[in-house]
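Here's a quick briefing to read with the model open beside you. It goes through some helix packing, then domains, then a database entry.

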Amino acid sequence: MEDDAPVIYGLEFQARALTPQTAETDAIRFLVGTQSLKYDNQIHIIDFDDENNIINKNVLLHQAGEIWHISASPADRGVLATCYNRTSDSKVLTCAAVWRMPKELESGSHESPDDSSSTAQTLELLCHLDNTAHGNMACVVWEPMGDGKKIISLADNHILLWDSQESSSQAVLASSASLEGKGQLKFTSGRWSPHHNCTQVATANDTTLRGWDTRSMSQIYCIENAHGQLVRDLDFNPNKQYYLASCGDDCKVKFWDTRNVTEPVKTLEEHSHWVWNVRYNHSHDQLVLTGSSDSRVILSNMVSISSEPFGHLVDDDDISDQEDHRSEEKSKEPLQDNVIATYEEHEDSVYAVDWSSADPWLFASLSYDGRLVINRVPRALKYHILL
Amino acid sequence: MAAAAAAGPSPGSGPGDSPEGPEGEAPERRRKAHGMLKLYYGLSEGEAAGRPAGPDPLDPTDLNGAHFDPEVYLDKLRRECPLAQLMDSETDMVRQIRALDSDMQTLVYENYNKFISATGVHALLRKLQFLFELPSRLTKCVELGAYGQAVRYQGRAQAVLQQYQHLPSFRAIQDDCQVITARLAQQLRQRFREGGSGAPEQAECVELLLALGEPAEELCEEFLAHARGRLEKELRSLEAELGPSPPAPDVLEFTDHGGSGFVGGLCQVAAAYQELFAAQGPAGAEKLAAFARELGSRYFALVERRLAQEQGGGDNSLLVRALDRFHRRLRAPGALLAAAGLADAATEIVERVARERLGHHLQGLRAAFLGCLTDVRQALAAPRVAGKEGPGLAELLANVASSILSHIKASLAAVHLFTAKEVSFSNKPYFRGEFCSQGVREGLIVGFIHSMCQTAQSFCDSPGEKGGATPPALLLLLSRLCLDYETATISYILTLTDEQFLVQDQFPVTPVSTLCAEARETARRLLTHYVKVQGLVISQMLRKSVETRDWLSTLEPRNVRAVMKRVVEDTTAIDVQVGLLYEEGVRKAQSSDSSKRTFSVYSSSRQQGRYAPSYTPSAPMDTNLLSNIQKLFSERIDVFSPVEFNKVSVLTGIIKISLKTLLECVRLRTFGRFGLQQVQVDCHFLQLYLWRFVADEELVHLLLDEVVASAALRCPDPVPMEPSVVEVICERG
């Protein structure tokens with residue numbers, strides 16, 4: 001079984017921000033935001049044609065500033081949020097805003113790249129998430145599986161819950177909470193849990209992980225010294241409600257059961273520099289993707305702590321094939337955590353990795369030099385998981 | 001026959017005056033001989049009187065007379081007879097004597113059976129007399145306490161009495177005797193039960209009772225019960241010695257007491273038992289064995305408790321001597337009580353103790369190792385007196401190494417006592433084989449080296465994030481220690497062990513190479529961890545310096561920032577520290593003037609001429625492309641690449657980590673023009689001083705290049721400082 005070669009796409013600018021088009025479940029589409037202080041920044045809409053193995057892109061101008069973080073609405077394909085730098089009076093402020101892309105680009109476009117570059121379209125601003133009172137925006141996260149109305153943003157030491165109204169034309173600060181303590185506390189990253197009716201959010205600041213209840217905006221758990229150094233990112237297991245993964249500057253990826261905050265369930269130490277991103281596969285949570293400033297992307301199989309520790313569960317209506325399943329189960333017995341693959345297509349630090357929202361076997365990674373790489377889970381493993 | 005011999009000369013001395021013919025004189029002579037026999041038996045008077053008339057019986061010259069007097073007879077012959085007659089009479093007398101002798105012989109032969117039966121009757125009479133006297137004799141014996149004598153009498157009489165009990169007289173005697181014997185038996189039992197009088201007397205009692213026909217099984221039980229009582233007393237006294245209140249005697253004394261008291265007693269009991277109850281056969285032997293097993297196990301329990309008290313001690317010599325006594329003492333009854341398996345059990349105890357000692361020594365070695373580490377920590381933490389250096393790292397390392405080695409040697413010597421030739425158990429299979437190979441070599445030495453490596457590695461697992469940070473110097477020292485173990489010490493220690501403990505058995509042993517590999521891996525991990533820790537220290541300085549500064553509104557640089565000088569100072573200190581323990585390592589040959597090389601300002605120099613216009617026509621040009629092109633010609637830098645065991649490699653690792661951190665931090669900020677220039681100055685300064693520490697100075701150059709390039713990218717107004725100005729500022733320091 002030969003695996004398809006990775007598909008590489010080059011952006012002209014530095015880039016850190018990557019997200020799948022979350023509301024899109026058919027087409028494989030990623031959004032990438034650029035970082036340039038001198039030129040207009042862009043959002044590249046990357047369409048991946050799985051059959052022909054080619055990339056089609058559309059470029060949107062994001063003139064507000066360089067993009068540090070991007071996230072797509074789970075409800076509306078055309079809506080996205082960015083965190084961007086605005087420089088004025090020799091002050092840099094990171095702001096956040098919700099945008100709408102032109103209608104015709106929502107479902108991708110098959111125009112030739114050359115044409116689109118000449119007539120770059122602009123994003124329509126829906127609303128600002130006003131942070132003048134709260135400081136720099138580190139990230140914006142949408143309520144998963146929601147209607148795209150609730151947004152959490154992290155600004156310095158504040159966690160802000162927004163209610164967007166009237167087709168997102170206005171965002172009202174619904175509630176907020178702040179970290180208090182010694183020194184300059186600053187959130188670096190946050191994720192919204194898909195469990196518990198989407199009432200929980202986890203954040204990272206310095207070496208600490210915290211869980212929040214969005215209804216009361218109060219802390220529910222706290223994992224101090226989750227990592228030896230700064231925690232860069234975290235993600236919830238989509239299928240196991242108390243499990244989350246975190247990564248950081250100690251080159252480690254740790255898996256936690258939030259009911260026991262004293263010890264990680266598992267620790268991976270495969271990267272040789274800071275780990276910037278960790279992502280669970282949306283369907284098969286044993287597949288964990290990490291990106292690091294050692295320029296590598298690693299796909300790990302954390303089957304022992306996944307929701308399918310004994311392999312794929314047989315559906316009830318497959319009873320007729322019992323015999324076959326039995327023999328398969330035997331062959332699948334030794335399930336061990338391991339690194340599935342290390343992807344070395346990047347030559348600069350990888351700051352973002354994410355899975356496609358449409359194809360669970362496909363993921364993209366983005367390095368600082370503007371290189372976007374699309375890779376697939378090795379076929380052998382895919383069939384092993386599926387069959 | 002003494003009587004006949006004594007009588008011989010007198011009949012033979014006077015046959016002279018009965019010159020009868022051989023035919024006619026035979027009955028006469030026979031009668032004469034009878035008469036003489038009768039005479040001898042004191043019956044002569046009556047019968048001689050009843051004889052037909054013959055010569056005057058009172059005639060002293062009558063040769064056959066009762067009153068014959070040789071002197072008178074000879075006198076008479078000499079006076080009355082002429083010579084010729086004298087000669088004749090002499091010849092005649094000789095002839096008669098001869099005849100008489102042969103007659104006597106014939107007579108004895110003919111009557112031999114009668115003689116014998118006469119003697120038998122005599123004895124029988126005596127026996128009868130003995131029987132009649134028996135009751136009184138027995139009574140007397142019992143009264144006097146001469147039980148042995150009484151039992152002997154009884155034994156002699158019993159069969160006869162039994163045989164003739166149908167005769168009333170015998171029956172009476174037997175009844176009397178039985179009563180007395182019963183009394184005797186009772187008294188013996190009494191005495192036996194009272195005990196206290198020691199094993200030999202008890203054995204005697206039992207022997208007598210057995211002879212009296214008492215039931216052997218019952219006696220056997222009782223005998224053992226008494227023996228148990230005595231032995232339990234011994235055990236109790238031993239237990240008392242264990243007790244906490246009186247100062248316990250040392251272990252040697254204890255085993256001596258046990259050996260002479262309990263084991264000695266047990267030996268006596270066993271010997272007496274085997275003698276007394278041999279007739280009991282295998283069942284009896286089994287009974288004794290069970291007895292010995294039960295008491296023996298209690299004894300062993302006590303000994304083990306005592307030995308357990310020795311576990312903490314450091315001195316093996318006393319313990320081994322005590323074990324030797326203990327074991328040796330049990331070998332004698334071991335032969336006697338083979339079935340009870342006491343000797344085997346004793347050997348097992350000795351083996352167990354030996355194993356425990358090995359475990360103890362292993363613990364001791366571990367503790368010693370940890371102690372050494374504590375000492376090192378203290379020495380490292382001790383405040384430096386100005387102008388006076390504490391012990392250097394190399395010295396500390398030497399101390400640790402020699403201390404551990406001497407501990408190992410001491411432990412080897414201590415456990416070697418177990419295998420000394422003069423020790424009674426040293427020739428047991430366990431001590432010849434398993435003890436040496438599995439116990440000492442594997443358990444103690446290999447076990448210690450494993451545990452040392454594990455302890456050392458544990459310092460890598462808790463990377464100072466949750467308190468109790470390990471001083472980096474300790475990591476370095478341990479790494480070197482493990483490396484030394486890999487190169488020399490392990491094989492030295494194992495050779496030493498193999499020499500002292502001639503390992504002969506077939507058990508697989510850990511090869512030296514495996515241990516060396518483990519030690520090397522430990523050393524490598526420690527050194528890698530050292531690099532990470534030191535790299536982190538410098539990284540944090542750099543990170544803070546980038547994160548906390550307002551780079552947009554910074555002023556035009558006049559100086560190298562202090563933090564950069566600090567970085568160089570710290571790196572130099574680390575270089576010195578590593579140099580104390582590790583060799584220099586190989587450096588890539590480079591032009592000698594590289595320190596003087598002007599630091600190229602990336603963004604300005606690369607923007608000219610090297611831009612390839614065909615690369616991406618759709619986008620505006622960006623310096624990023626140049627950076628990409630540049631990277632095509634350089635290898636990917638592995639930030640945490642494997643560390644080699646030399647100073648240059650260690651320093652390269654630390655510097656790589658630090659500069660990579662600087663790069664990542666710079667990329668997260670936005671710089672004003674002067675901010676960029678400050679970065680330029682700082683990087684040039686680092687370049688000036690850091691190149692000398694690394695294997696390939698190109699690497700430092702590359703990383704710093706990238707830092708400046710990134711800063712330029714993060715600057716909306718990238719106007720670099722003139723290289724000459726940068727140099728001037730850096731030279732000013």
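In this predicted model, helix 14 (residues 316-329) of chain B packs against helix 16 (residues 342-381) of chain B at an angle of about 170°, and their axes are 10 Å apart. Angles over 145 degrees count as roughly antiparallel, so helix 14 of chain B and helix 16 of chain B are roughly antiparallel to each other.

**Helix 14 with helix 16, chain B**
- On the helix 14 side of chain B, the contact uses N316(B), L319(B), L323(B), F326(B) and H327(B).
- Helix 16 of chain B brings A346(B), T347(B), I349(B), V350(B), V353(B), R357(B) and H361(B) to that contact.
- Sorted by class, the contact of helix 14 with helix 16 of chain B has seven nonpolar residues, four polar ones and one charged one.

**Helix 12 with helix 14, chain B**
- Helix 14 of chain B also meets helix 12 (residues 251-276) of chain B: the two axes come within 8 Å and cross at roughly 5°.
- With that angle, helix 12 of chain B and helix 14 of chain B are therefore roughly parallel to each other.
- From helix 12 of chain B come V251(B), L252(B), T255(B), D256(B), G259(B), S260(B), V263(B) and G264(B).
- They meet L318(B), L319(B), R321(B), A322(B), R325(B), F326(B) and R329(B) in helix 14 of chain B.
- This contact of helix 12 with helix 14 of chain B has seven nonpolar, four polar and four charged residues.

**Helix 20 with helix 21, chain B**
- Further along, helix 20 (residues 472-500) of chain B and helix 21 (residues 512-547) of chain B have axes that come within 8 Å and cross at roughly 170°.
- That crossing makes helix 20 of chain B roughly antiparallel to helix 21 of chain B.
- Here the contact of helix 20 with helix 21 of chain B divides into 19 nonpolar, five polar and two charged residues.

**Domains of chain B**
- Chain B splits into domain 1 (215-336), domain 2 (358-382 + 391-510) and domain 3 (534-584 + 636-732).
- Between domain 2 and domain 3 of chain B, the C-alpha centres lie 42 Å apart.
- Ten residues from domain 2 of chain B and eight residues from domain 3 of chain B take part in their contact.
- About 850 Å² is buried between domain 2 and domain 3 of chain B, with carbon and sulfur atoms giving 71% of it.

- In the model, the end C-alpha atoms of residues 224-260 of chain A lie 12 Å apart, and the span is 0% helix and 46% strand.

Methods:
Residues numbered from 1 in each chain as written. Chains lettered and ligands numbered in written order. Predicted model: local features only at pLDDT ≥ 70, side-chain atom pairs only at ≥ 80, totals over all residues. Heavy atoms only, no water. Helix = DSSP H or I, 4+ residues; strand = E, 2+ residues; numbered from the N terminus. Axes fitted to C-alpha atoms, helices over the stretch in contact; angles between N-to-C directions. Parallel < 35°, antiparallel > 145°, perpendicular 65-115°, else oblique. Contact = heavy atoms within 4.5 Å. Nonpolar A, V, L, I, M, F, W, Y, C, P; charged D, E, K, R; others polar. Domains from an automatic or database assignment. Buried area = accessible area lost by both parts, 1.4 Å probe.
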